[in-house]
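Here are my notes on the model you sent.

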Amino acid sequence: MTDKFLKGQLLLDSGQLRGSFFQRTVVLICQHDAEGAFGLVLNRNTGTSAGEMLVADLPEVLKSCPLYLGGPVQPSALSFLHSDAFIPDANVMPNLNLGHSLDNLIEIGESFSPTRRIKMFDGYAGWSPGQLEDEMKRKAWLTPPASVSLVFDTDPEQLWQQILRQKGWRYRLLAQAPEDLSQN
């Protein structure tokens with residue numbers, strides 16, 4: 001894998017996506033290769049819980065989990081990020097796994113691991129071959145490294161601003177700007 005692929009990185013709206021679905025989003029790139037890219041928006045809570053939205057017999061521990069809007073593509077498609085103390089074959093980054101199978105989600109939910117963490121998503125963000133690379137050339141995105149802590153421990157409502165603030169003074173101004181400057 002070459003370093004031009006962004007798997008395991010975050011995409012952060014650089015301030016150029018105003019008015020689009022991706023305004024002020026933080027996207028975790030879960031897969032990226034010559035065929036395109038797949039990501040999940042980390043900071044768009046649907047306001048509903050998994051138990052309210054998923055027609056499945058979920059373990060109690062999962063029913064109350066908030067459901068996030070992973071992106072504008074296939075809004076009914078389920079994806080989830082799963083972390084634990086040790087996942088040797090994690091497919092996104094060390095100890096962070098992406099899954100789509102309801103059976104796997106239920107199995108993980110029923111496991112008794114005190115270090116298990118799960119974040120569930122409806123829909124996803126997808127890019128066709130070369131599309132994300134073009135957006136990168138236009139500087140639409142910043143690409144800070146992802147971490148399990150950013151995915152699970154940071155308040156999603158504050159995630160975009162918090163990462164920008166860590167990038168230095170130039171980005172602090174963007175983080176402090178009002179949501180929409182063009183209220184007519």
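1. Exposure first. A residue counts as exposed when its relative accessible area is over 50%, as buried when it is under 20%, and as partly exposed in between. K139 is at 58% relative accessibility, so it counts as exposed. Bear in mind throughout that this is a predicted model.

2. Backbone at K139. K139 sits in the loop that links α4 (131-137) to β9. Its phi is positive, at about 60 degrees, although K139 is not a glycine. Most residues other than glycine have a negative phi. That makes the loop worth a look on screen.

3. Backbone at N95. Here too the phi is positive, about 65 degrees, and N95 is not a glycine. N95 belongs to the loop between β6 (73-83) and β7 (96-99). Is N95 buried, partly exposed or exposed? With a relative accessible area of 23%, N95 is partly exposed.

4. The α6/α7 pair. Helix α6 covers residues 159-166 and helix α7 covers residues 169-176. The two pack at an angle of about 160 degrees, and their axes are 7 Å apart. An angle over 145 degrees counts as roughly antiparallel, which means that α6 is roughly antiparallel to α7. The crossing of α6 and α7 is left-handed. From α6, the contact uses W160, Q161, L164 and R165. From α7, it uses Y171, R172, L174 and A175. By class, this contact has five nonpolar residues, one polar and two charged.

5. The buried side of α6. Which residues of α6 are buried? They are L159, W160, Q161, I163 and L164. The buried residues of α6 pack against α7, but also against α5 (148-152). Strands β1 (10-13), β2 (26-33) and β9 (141-142) are packing partners too. An α-helix has 3.6 residues a turn, so residues three or four places apart point the same way. After α6 comes G168, with a positive phi near 115 degrees.

6. Cysteines. How many disulfides does the structure hold? It holds zero. A disulfide needs the two sulfur atoms within 2.5 Å. C65 is likewise in no disulfide, its nearest cysteine sulfur being that of C30. Both cysteines are buried: C30 has a relative accessible area of 1%, and C65 has 16%.

7. A50. This residue is in helix α1 (residues 50-53). A50 is buried, with a relative accessible area of 0%. Beyond residues up to four places away in sequence, A50 touches L58, L62, K63, C65, L67 and M120. One of these, C65, is the cysteine of point 6 that is in no disulfide. A50 and D122 are 72 residues apart in sequence, yet their C-alpha atoms are 9.5 Å apart.

8. N45. Strand β4 (residues 45-49) contains N45. N45 is partly exposed, at a relative accessible area of 37%. Leaving aside neighbours within four places in sequence, N45 is in contact with P66, L67 and Y68. N45 and P66 are 21 residues apart in sequence, and 7.0 Å separates their C-alpha atoms. L67 is thus a contact of N45 and is touched by A50 as well, as the cut-off for contact is heavy atoms within 4.5 Å.

9. M136. Helix α4 holds M136. M136 is partly exposed, with a relative accessible area of 25%. Which residues does M136 touch, not counting those up to four places away in sequence? They are L6, L11, W141 and T143. M136 and L11 are 125 residues apart along the chain, with their C-alpha atoms separated by 9.6 Å.

10. Q9. The segment before β1 contains Q9. Q9 counts as partly exposed, at 22% relative accessibility. Apart from neighbours within four places in sequence, Q9 is in contact with V27, L28 and I29, and with T143, P144, P145 and A146. T143 is also touched by M136. The C-alpha atoms of Q9 and A50 are separated by 26 Å, and the two residues are 41 apart along the chain.

Methods:
Residues numbered from 1 in each chain as written. Predicted model: local features only at pLDDT ≥ 70, side-chain atom pairs only at ≥ 80, totals over all residues. Heavy atoms only, no water. Axes fitted to C-alpha atoms, helices over the stretch in contact; angles between N-to-C directions. Helix = DSSP H or I, 4+ residues; strand = E, 2+ residues; numbered from the N terminus. Parallel < 35°, antiparallel > 145°, perpendicular 65-115°, else oblique. Left-handed = near helix turned anticlockwise from the far one by under 90°. Nonpolar A, V, L, I, M, F, W, Y, C, P; charged D, E, K, R; others polar. Buried < 20%, exposed > 50% of the residue type's maximum accessible area, 1.4 Å probe, protein only.
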